[in-house]
Amino acid sequence: MHFATAPSVVCLITAIRLVSAVDSPLITPLAWDEASEKAKSFVSQLTMSEKIGLVTGSYGSGPILPCVGTLAAVERLNYTGLCMSDGPNGVNRADSEFRMKGVHVLLGPSTGPMGRHPRGGRGWEGFGPDPYLAGVAMNESVTGIEATGVQTSSKHYIGNEQETQRNPSTKDDGTVIEAVSANIDDRTLHELYLWPFANAVRAGTASVMCAYSRLNQTYSCASSEILDTILKDELAFLGYVVSDFGATHSTVDFAEGGLDMEMPGNVTAAGFPCYFGDKLLEAVQANKVSEERLEDMASRVMTPYFRLHQDKDFPMIDPATGPVLFVTQLGHVQVPSMAGMFTEVPAIDVRADHARGIRELGAAGTVLLKNVNGTLPLTNQTSFALFGNGLPDPTIGSTFVPTGGEDAPEGYEIGTFDIGGGSGSVRHTDLVSPLEAIRTKVKALGGRVQLLFDNNEIAAGRFTTIYPTPQVCLLFLKAWATEGADRPDLNLQWNATMAVESTARLCPNTIVVTHGPGVVLMPWADNENVTAILAAHYPGEEIGNSITDVLWGTVEPSGRLPYSIPKDEADAGPPILVVPENTTDPGAWTEDFVEGQMIDYRYFDANSGKEPLYEFGYGLSYTEFDMAPGLNVQLTGGSLNQHVNKSMGIAPGGMVDLWTNVAVVTVNVTNTGDRAGAAVPQLYVSLPQDTTPPGTPVKVLRGFNKLHLRKGETKQATFELLRRDLSYWDVQEKEWVIPRGQITLFSGFSSKDIRANTTISV
Ligand code: BGC
């Protein structure tokens, strides 16, 4: 099962709770130090090679390759090993669900990349470019998933913003050209890219997956600066750091740099060299890696296992997992040396009624961008055209596994995109296309649909089969994104722009629905015959039912944009770094993040002449809302001293005082329209420019609510501000500081639609 990705601000939290909690008993984790003691005592009973086995991936103990990442069992101590499976949006290369399938570690959630580049191939796996929003989402994901006793692996740490050259490459003469390096200054790192990881650590994430790429010239998985100094010391992280798969490039530097577990390790079939395993054993025996360090690594690996009670009653791995993984990766090929690995075994079916939740959340997260004169919801129309290559079932089969992103940067031509590609994708057991759902709906209403899927035919205006002219033309367009490649551009693909223009010439009531990974350009948005636009993202396997519910108004499209849509690509963040292929400089792939925090709405705020097409936080509703002008702030007695109170101590997430509540902000919101709906009031904070160093954003998101309001009803939105929310990272002091002066708070319905403000004097 999987749920909506690139989620819009509001459906997210419910989504995570729902998906995580379904059918699994909820557990109460052990305290970290208790778990850590159990882990140490377990590790003290191990032989050296068993310890190495805890920090190096392997085939596991059975005859089949069970999981994407596997640790061997230690049977004499009743330890059954670990099974890791992707990913952020559902169980990948398996049929469904994590705990019930015996998966100990969910390789997600993802907040790296964050979305410095909307063209990045993997932004859709995470929560968008705003750190506060991503932080809330990471917290909810980790808490919800771990409450079912499944470990999370928050990824990819850190600065892995582009897919292009995410890994090193080797030239014909043997020269290794290193992976791309994100050079990020300390303040930007803390206030933007690290922020959501801190939430994940505070929420108890079991592990952190270090990235393929380099940060400040050092491989992320070997950087003592970001693994030891920042993650393990400053954020007080007590779990383990696992490498992205194949991101380990040597033994001593990586083990001593802070990497605790190599994946996939000894699995030669995965095609990566192994640097832990025997090599780590040799390094320990030669005193190049200390035995204490190995013990620390192994204990860290075992701590979350005990913390989440995986030593008790954890379901056994579904025996179908190995064969599904094998077939998904390689197809039904006969590889003599692997005979037996893909014998079909019936899967344990744990889907129950999860499709209902997916349908609900896919609909609730849809963002309504344009709706002229109440075009939507549809009422009693009966004559429809269904246009566009995003309508039917995929013609290539409903699980799309290209061998690498760069082989298919545009995806497949005909068929709906309900999810992106790569390890974050999900194998469907069912897929309800928009065509299937809408056609069923229109038939039930006694209406008629005329179809045209081929975008080239539509773009060319070959509408000779279309008669009579439909009352409503629904045009389904799509954009692909996948691990392994960055998007070629930000357009909807397959001749989409021409397809809109020509549909709009035929049909004065053209409704455009986009399915895609996030930002897509809409040069046709102002076309007066385009009467409504819905950004439906990648909503998952119930894609058809979700959009049908929105179109006919069974469900309110209460999603809000978790990013800004620019008018053109020039305002869509810094370009992806591309170095000429003939470079011989091993360090050529190096990028200074000179824009600092000025990405997305922070960029538009900082450049007053620039206007987005649709801004961060924006989204219409089927009703209307108003906000009272008065914003009420109550200081809760938490200290507004400039400096953190260190005497409160440190716990996972960092200084305890950073997470104390300092203020509660309230504002009234009223439904002024003529039907029920959900408003999404947002809170932005503006730190003073004159008492903070240059590079402070004009304003930053620091709260959001979702209020369900009946017609005419008024409710209060409440935003709780933590000390961290009012602080900036002081690079000299190396700590969070609340600036002196006036801090302004703004509330509204988007980053530009501000309705109320007030100030706090510090
Ligand atoms: C991806 C990770 C994933 C891993 C295992 C890597 O290529 O970057 O996100 O968890 O593969 O499939």
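This note goes through the structure in numbered points, from the overall chain to the ligand site.

1. The model is a predicted one, in which local features need pLDDT of at least 70 and side-chain atom pairs count only at pLDDT 80 or more, while totals for chains, interfaces and linings use all residues. Residues are numbered from 1 along each chain as its sequence is written, and side-chain values use heavy atoms, with hydrogens and water left out.

2. The C-alpha trace of the protein chain spans about 80 × 70 × 55 Å along its principal axes. A compact globule of 762 residues would have a radius of gyration near 27 Å, and the 26 Å of the protein chain therefore agrees with that expectation; the radius is taken over C-alpha atoms, and the globule rule is 2.2 Å times the number of residues to the power 0.38.

3. The secondary structure of the protein chain comes to 17 helices and 32 strands, these being DSSP runs numbered from the N terminus (helices H or I of at least four residues, strands E of at least two). Of the 762 residues, 62% are buried, a term that stands for under 20% relative accessible area, with a 1.4 Å probe and protein chains only.

4. Helix 6 (residues 195–203) is largely enclosed by the rest of the structure, because eight of its nine residues are buried. Among them are Trp195, Pro196 and Phe197. Gly204, which follows helix 6, has a positive phi, near 105 degrees.

5. Strand 8 (residues 207–210) runs parallel to strand 11, and four bridges join the two; strands count as paired if DSSP finds at least two bridges between them. Val208 stands opposite Val241 in strand 11. In strand 11 (residues 240–243), Tyr240 and Val242 point one way and Val241 and Ser243 the other, and all are buried.

6. The ligand is surrounded by 14 residues, of which the closest are Asp86, Arg122, His156, Asp244 and Glu483; a residue belongs to this shell if one of its heavy atoms lies within 4 Å of the ligand. The shell divides into seven charged, five nonpolar and two polar residues, where Asp, Glu, Lys and Arg count as charged, Ala, Val, Leu, Ile, Met, Phe, Trp, Tyr, Cys and Pro as nonpolar, and the others, Gly among them, as polar.

7. Taken alone the ligand exposes 310 Å², of which the protein buries 94%, with accessible areas from the Shrake-Rupley method and a 1.4 Å probe.

Note on methods. Buried means under 20% relative accessible area, exposed over 50%, partly exposed in between (1.4 Å probe, protein chains only).
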